Amino acid sequence: MKHILTALVIMVALFSLAITGCATTEQARSVDTSGFLGDYSKLKPGEKNEALLYWISPGIDFKSYDKIVIDPVTIWRSENSDIGELPPEEQRNLQHYLYQAVKEALAKDYTIVETPETGTMRIRLALTEAAGSTVVGDIITTYLPPAILINAVKRLSTGTSAFVGKATVELEIVDIVTNKRLAAAVDKRTGGKNYEGSLSTLADVEQACDYWAERLRLRLEELRNM
């Protein structure tokens with residue numbers, strides 16, 4: 001039976017190469033805070049294309065900032081976080097992955113520096129939750145009925161697909177000279193049902209990191225143009 005299931009999973013995965021489009025990541029319905037940001041009192045629920053929780057300081061001229069310092073990404077283990085269950089090497093890989101994604105995205109519009117200067121924003125990031133997908137279960141509930149129906153029922157009740165990965169990030173942007181908070185956000189994303197995410201345990205987490213990096217770049221662009 002085990003060999004039959006393995007063969008079936010491989011067959012479906014190979015077949016899906018011909019029918020699957022781009023990988024996706026989806027925003028969760030809600031998110032728990034971890035304590036990394038300290039003060040969450042001003043954060044409010046986001047709307048479409050915004051983080052689940054966010055705050056932007058009023059009256060800030062974001063055009064006055066042309067340089068950015070990016071702190072090393074932190075792994076923040078709160079009481080309910082499952083990120084500590086990942087092997088230390090995988091945690092380090094995710095820290096590096098998110099840092100590089102953010103650096104590459106923001107380098108398109110800003111000078112990335114390492115020392116405090118006037119006109120510099122400092123970005124603090126923490127991964128507070130990260131769990132890989134269950135590869136076999138993800139494939140089956142993506143492509144095989146009636147398992148697809150099981151996934152649909154789970155999405156209806158929880159807003160999250162079955163067997164996919166998930167990740168939560170907390171972000172703070174401060175003026176590097178005054179240490180004044182300019183913005184803060186908390187967001188959680190889960191894997192969508194797609195071929196790429198189903199064959200790699202941490203692909204869903206990496207896709208979330210890519211999404212956050214590009215969304216941060218676009219949001220800062222919007223703030224500079226206001």
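What share of the contacts in the protein chain with a separation of 6 or more comes from residues 24 or more positions apart? The share is 77%, where a contact means heavy atoms within 4.5 Å.

Before I go on, please keep in mind that this is a predicted model, in which local features need pLDDT of at least 70 and side-chain atom pairs count only at pLDDT 80 or more, while totals for chains, interfaces and linings use all residues. Residues are numbered from 1 along each chain as its sequence is written, and side-chain values use heavy atoms, with hydrogens and water left out.

The protein chain has six helices and nine strands, taken as DSSP runs (helices H or I with at least four residues, strands E with at least two) and numbered from the N terminus. Of its 226 residues, 48% count as buried, which is to say under 20% relative accessible area with a 1.4 Å probe, protein chains only.

Let me finish with Ala 167, which lies in strand β8 and is buried, with a relative accessible area of 0%. Among its contacts beyond four places in sequence are Glu 129, Val 205 and Trp 212.

Key: Buried means under 20% relative accessible area, exposed over 50%, partly exposed in between (1.4 Å probe, protein chains only).
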